[in-house]
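Here's a walk through one protein model, written for someone who would rather look at side chains than read tables. Have the viewer open and follow along.

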Amino acid sequence: MLAIIKQMTIHQIITGHMLGDGHMAKVVKGNSYFTIHRKAEHHEYNLWTKGHLLKNGLLVSNTYPQIKQSGGSHNFRSSYFRTGRNKFWSEQRALWYKSGKKVLPREYIKKNFNKISFLLWFLDDGDCYGRLSTDSFSMSDVIFLRDIIRQKYEVDFHVGHQFNRPQHPILRCPKNKIKDLFTIFQSLNVSVACMSYKLNLSQH
């Protein structure tokens with residue numbers, strides 16, 4: 001069952017997903033569109049996102065999300081979600097990308113980062129040990145994200161890196177704060193069953 005949260009704005013949703021797995025597609029002509037590519041087991045999560053984008057008046061085709069075989073060297077069944085093309089997404093792409101690379105629009109994030117943004121980002125890139133992957137961002141951006149979490153929620157993440165991969169930074173929640181972190185997420189009463197393993201406290 002998917003919980004629908006009232007008064008959730010599109011900007012809070014975008015902030016969470018763009019910190020995580022979301023992407024604004026570049027097109028040669030016309031407007032951009034928003035897309036997320038997940039494992040097939042996470043199809044329900046894409047359906048959740050679709051439902052909230054529709055509630056905010058954004059066009060999503062009935063054919064998406066769809067489960068298909070992923071191409072390339074890593075061939076696996078995946079859930080592919082995309083919206084219709086819209087000027088709104090072109091404007092968002094101009095915010096989130098510079099010279100073709102994803103960046104952090106810091107003022108936009110300061111304005112829109114809230115509990116739902118935090119949760120969506122965590123469901124995209126976090127794990128049940130309180131770690132958040134941030135390897136697509138610069139170190140100064142990672143520190144900015146650490147600081148905004150600290151300021152808003154008084155949870156002081158540590159900046160580290162993936163095992164034997166110092167070029168890939170991550171944020172780590174201290175073990176004595178993991179229950180506080182998950183309490184923040186659980187207060188939203190969002191239910192996406194296929195992602196619940198990321199909020200599993202039984203391992204601590």
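Does Asp124 count as buried or exposed? At 7% relative accessibility, Asp124 counts as buried (buried means under 20% relative accessible area, exposed over 50%, partly exposed in between, with a 1.4 Å probe and protein chains only).

## Ground rules

This is a predicted model, where local features need pLDDT of at least 70, side-chain atom pairs count only at pLDDT 80 or more, and totals for chains, interfaces and linings use all residues. Residues are numbered from 1 along each chain as its sequence is written, and side-chain values use heavy atoms, with hydrogens and water left out.

## Around Asp124

Asp124 sits in helix H5, residues 115–125 (helices are DSSP runs of H or I with at least four residues, strands are runs of E with at least two, and both are numbered from the N terminus). A polar atom of the Asp124 side chain lies 2.8 Å from the backbone nitrogen of Asp21.

Skip the neighbours within four places in sequence, and Asp124 is in contact with Gly16, His17, Gly20, Asp21, Gly22, Arg38, Tyr45 and Lys198 (contact means heavy atoms within 4.5 Å).

## The sheet and its helices

Now for the strands. There are 4 of them in an open sheet, ordered E1-E2-E4-E3, with antiparallel pairing (two strands pair if DSSP finds at least two bridges between them). At the edges are E1 (23–25) and E3 (66–69), each pairing on one side only. From one strand to the next, the twist averages 40° (axes are lines fitted to C-alpha atoms, for helices over the stretch in contact, and angles run from 0 to 180 degrees between N-to-C directions).

E1 and E2 (residues 33–39) run antiparallel and are joined by 3 bridges. Across that pairing, Ala25 stands opposite Tyr33 in E2. Helix H1 (residues 10–19) packs on the sheet and touches E1 and E2, its direction making about 50° with that of E2. Helix H3 (residues 87–96) also touches E1 and E2 as it packs on the sheet, and its direction makes about 115° with that of E1.

## Asn46 and Arg38

Asn46 is in helix H2, residues 43–55, and is buried, with a relative accessible area of 0%. Its side chain makes a polar contact with the side chain of Arg38 at 3.0 Å (a polar contact is a pair of N or O atoms within 3.5 Å; within protein, one must be able to donate a hydrogen and the other to accept it, and residues adjacent in sequence count only if both atoms are side-chain atoms).

Leaving out neighbours within four places in sequence, Asn46 is in contact with Ile36, Arg38, Pro65, Ser79, Tyr80 and Phe81. Asn46 and Gln66 are 20 residues apart along the chain, and their C-alpha atoms are separated by 9.2 Å.

In helix H7 (residues 178–186), Ile178, Leu181, Phe182, Ile184 and Phe185 are buried. They cover an arc of only 150° around the axis, which puts them on the same side of H7 (the arc is that of the directions from the helix axis to the C-beta atoms). These buried residues pack against H5 and helix H6 (139–153).

One aromatic cluster takes in Phe113, Phe118, Trp121, Phe122, Tyr153, Phe157, Phe182 and Phe185. A search of the whole structure finds 15 aromatic pairs. The ring centres of Phe113 and Phe118 are 5.6 Å apart with planes at 45°, so the pair is tilted (rings of Phe, Tyr and Trp, its six-membered ring, pair if their centres lie within 6.5 Å; planes under 30 degrees apart count as stacked, over 60 as edge-to-face and the rest as tilted). Phe113 is buried at 2% relative accessibility, and Phe118 is buried at 0%.
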